[in-house]
Amino acid sequence: MRRALLSVSDKRGIVDFGRGLAELGIELVSTGGTAVALRLGGLEVRTIEDFTGFPEMMDGRVKTLHPRLYAGLLCLRDNPEHLRAAADQGIEFVDLVCVNLYPFERTSARRGVTDQEVVEQIDIGGPTMIRAAAKNFPFAAAIASPESYDAVLQELRESDGRLSLGTREWLAAEAFAATARYDTAIARWFAERAEDFPPLFVRAFEKVTDLPYGENPHQRAAYYAQVGARMDVLSMVRQHQGKQLSFNNLLDLDAARRLVKEFEVPACAIIKHNNPCGVAVGRTVLDAYQRAFACDPLSAFGGVIAVNRRLDEATAQAIAGQFVEVLIGPGYDEDALRALSAKPNARVLEDGERRTLPASDPDLRQVMGGLLVQDRDLALLEERAEMEVVTERKPSEAEWSEMLFAWRVCKHVRSNAIVLARDLATVGIGAGQMSRVDSVRLAIEKAQSSLDGAALASDAFFPFADGPELAIEAGARAIIQPGGSKRDADVVEAANRAGIAMVFTSRRHFRH
């Protein structure tokens, strides 16, 4: 290594890195603000103008785009023709490029930012330098992240100013990943301004952590967060205790967080195998937890629990009385954490996330060789004026509350989904059955208490009257469902015969 070009937007550690290179006798070439920072650090720096013989111009838009630089980066130094051309033109080789890019992601994510401000953060020379050095990795090194500085300096010091081929190849892979991420963010910004479902759907994902294993112990796994997303399942989450989160933990944690955020009042959701097995609201978080747990104590064993209120000691003691895989809440009293420490393997998470996903953020599902993209299911049509009472008997105010609570929960249950609720707590849930009447039967069978006066929610219409008839026989007195079946008249007639109330929402909530 004889010459390095340093040009960075993120100046963390750049002076120390430059000093380490200079101590090894490596000449430093730099641009703009990076050169200023290096000089302020007491380092001798050669300007890019001196290197190329061409001035920086147009507010820095043009400074490194010059054949003298790219010939010095791209020359194959074991190719006599390349070496002859370089000698004829007086080309100086560049052995290392340290570049990180303009903060496009951070700028485009800011509230109130103008289009012009975003466009000015599209780096041209930076990605070009990175790609040139990375392409020619047998003879040049491309460093695109401050996190690589220490490792590179250590190897240079230990190897008399040399970097191994393996290291340069590793740096090249990181470099191309960095430019791919950058270009993805730019392409996404332009695409989302133009249309909701662009011809090319591009996203980048960055590894957050390796996981112990996948859905099963023989499967390897890792968790990646989407680059540029406002939040993710682990954003602003602090782990107080417990084992490392697993693949299945994260799936259930995502489901639990989404469900409990549906409610403004104290609420608790218990998730097992990506389905709720108990959901309730209450006067306090302890009340909500106890009533959610009562729905199906057997299934709650080893579940993921989410609450939307700070946990006190009494609630923590109640939860510690069962086997819980993961507990997440917005905060914990010190006494609560002490009570939970009696279960050292339980993963206790604190949710500090206060942001919400934008409504435009799509729902993604991977399929064999492809990706299904859809709008997220946000609409709940909770306004009663937008719903239709289709029976002779109108729902009471209490029945309206029960139906709307069950309807909210139903949206988070795998189809075919049936939710039975009473006193603003689930009392029976039927999930994932191939026929709707079987989901009704399962919800009734799972009930641990009387269903007399319960409300039923169905994520899609009843194709026959058999499902409602089973629920009515078990004690249901109000039903909320989308409607739209060819046999709606038969279903409504069954409800009228039984004297119960039924509401059509005209919108379904399948969750496959």
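This is a predicted model: local features need pLDDT of at least 70, side-chain atom pairs count only at pLDDT 80 or more; totals for chains, interfaces and linings use all residues.

**Entry 1**

Is His-273 buried or exposed? Its relative accessible area is 69%, so His-273 is exposed. I found His-273 in the loop between strand S9 (267-272) and strand S10 (275-281). His-273 also has a positive phi of about 55 degrees, although it is not a glycine.

**Entry 1: other backbone notes**

I looked up Asp-423 next, which has a positive phi of about 55 degrees and is not a glycine. Asp-423 belongs to the loop between S17 and strand S18 (425-430).

Then I turned to the peptide bond from Ser-415 to Asn-416, which is cis, with omega near -10 degrees. Asn-416 is in the loop between H16 and strand S17 (418-422).

**Entry 2: Ser-439, a contact of Asn-416**

Ser-439 is in helix H17 (residues 436-446). With a relative accessible area of 0%, Ser-439 is buried. Neighbours within four places in sequence aside, Ser-439 is in contact with Asn-416, Ala-417, Ile-418, Gly-430, Ala-431 and Gln-433.

**Entry 3: Ala-495**

I went on to Ala-495, which sits in helix H19 (residues 488-498). Ala-495 counts as buried, at 1% relative accessibility. Not counting residues up to four places away in sequence, Ala-495 touches Thr-391, Ile-472, Ile-500 and Met-502.

How far apart are Ala-495 and Ala-173 in space? I read 64 Å from C-alpha to C-alpha, and the two are 322 residues apart in sequence.

**Entry 4: the nonpolar cores**

Which residues touch the most other members of the largest nonpolar core? They are Leu-250, Leu-253, Phe-263 and Ile-480, in a core of 44 residues. Helix H16 (residues 397-410) gives the largest share of this core, eight residues.

Leaving out residues up to four places away in sequence, Ile-480 touches Met-387, Met-403, Leu-404, Trp-407, Leu-456, Ala-457, Ser-458, Val-503 and Thr-505. Apart from this core lies another, of 28 residues, among them Phe-51, Tyr-70, Val-113 and Trp-189.

**Entry 5: helix H8 and its cover**

I stayed a while with helix H8 (residues 125-135). Eight of its 11 residues are buried, so H8 is largely enclosed by the rest of the structure. The buried ones are Gly-125, Gly-126, Pro-127, Met-129, Ile-130, Ala-132, Ala-133 and Ala-134. Their cover includes strand S1 (3-8), helix H4 (67-74), strand S4 (96-100), strand S5 (141-143) and helix H10 (165-194).

The axes of H8 and H10 come within 9 Å and cross at roughly 150 degrees. That makes H8 roughly antiparallel to H10, and their crossing is left-handed. On the H8 side I listed Pro-127, Ile-130, Arg-131, Ala-134 and Lys-135, which meet Ala-172, Ala-175, Phe-176, Thr-179 and Tyr-182 in H10. By class, this contact has seven nonpolar, one polar and two charged residues.

How do helix H1 (residues 14-23) and helix H2 (residues 32-40) pack? Their angle is about 70 degrees, with the axes 9 Å apart. H1 is therefore roughly perpendicular to H2, and the crossing is right-handed. H1 makes the contact through Ile-14, Val-15 and Gly-18, and H2 through Thr-34, Ala-37 and Leu-38. I noted four nonpolar, two polar and no charged residues there.

My last pair was helix H12 (residues 285-295) and helix H14 (residues 313-320), which pack at an angle of about 20 degrees with axes 9 Å apart. That makes H12 roughly parallel to H14. H12 passes H14 in a left-handed crossing. Here Val-285, Leu-286 and Tyr-289 of H12 meet Ala-314, Thr-315, Ala-318 and Ile-319 of H14. I wrote this contact down as six nonpolar, one polar and no charged residues.

Terms used:
Residues are numbered from 1 along each chain as its sequence is written. Side-chain values use heavy atoms; hydrogens and water are left out. Axes are lines fitted to C-alpha atoms, for helices over the stretch in contact, and angles run from 0 to 180 degrees between N-to-C directions. Helices (H or I, at least four residues) and strands (E, at least two) are DSSP runs, numbered from the N terminus. Angles under 35 degrees count as roughly parallel, over 145 as roughly antiparallel, 65 to 115 as roughly perpendicular and the rest as oblique. A crossing is left-handed if the near helix is turned anticlockwise from the far one by less than a right angle, and right-handed if clockwise. Contact means heavy atoms within 4.5 Å. Ala, Val, Leu, Ile, Met, Phe, Trp, Tyr, Cys and Pro count as nonpolar, Asp, Glu, Lys and Arg as charged, and the others, Gly among them, as polar. A nonpolar core is a set of buried Ala, Val, Leu, Ile, Met, Phe, Trp, Tyr and Cys residues joined through side-chain atoms within 4.5 Å. Buried means under 20% relative accessible area, exposed over 50%, partly exposed in between (1.4 Å probe, protein chains only).
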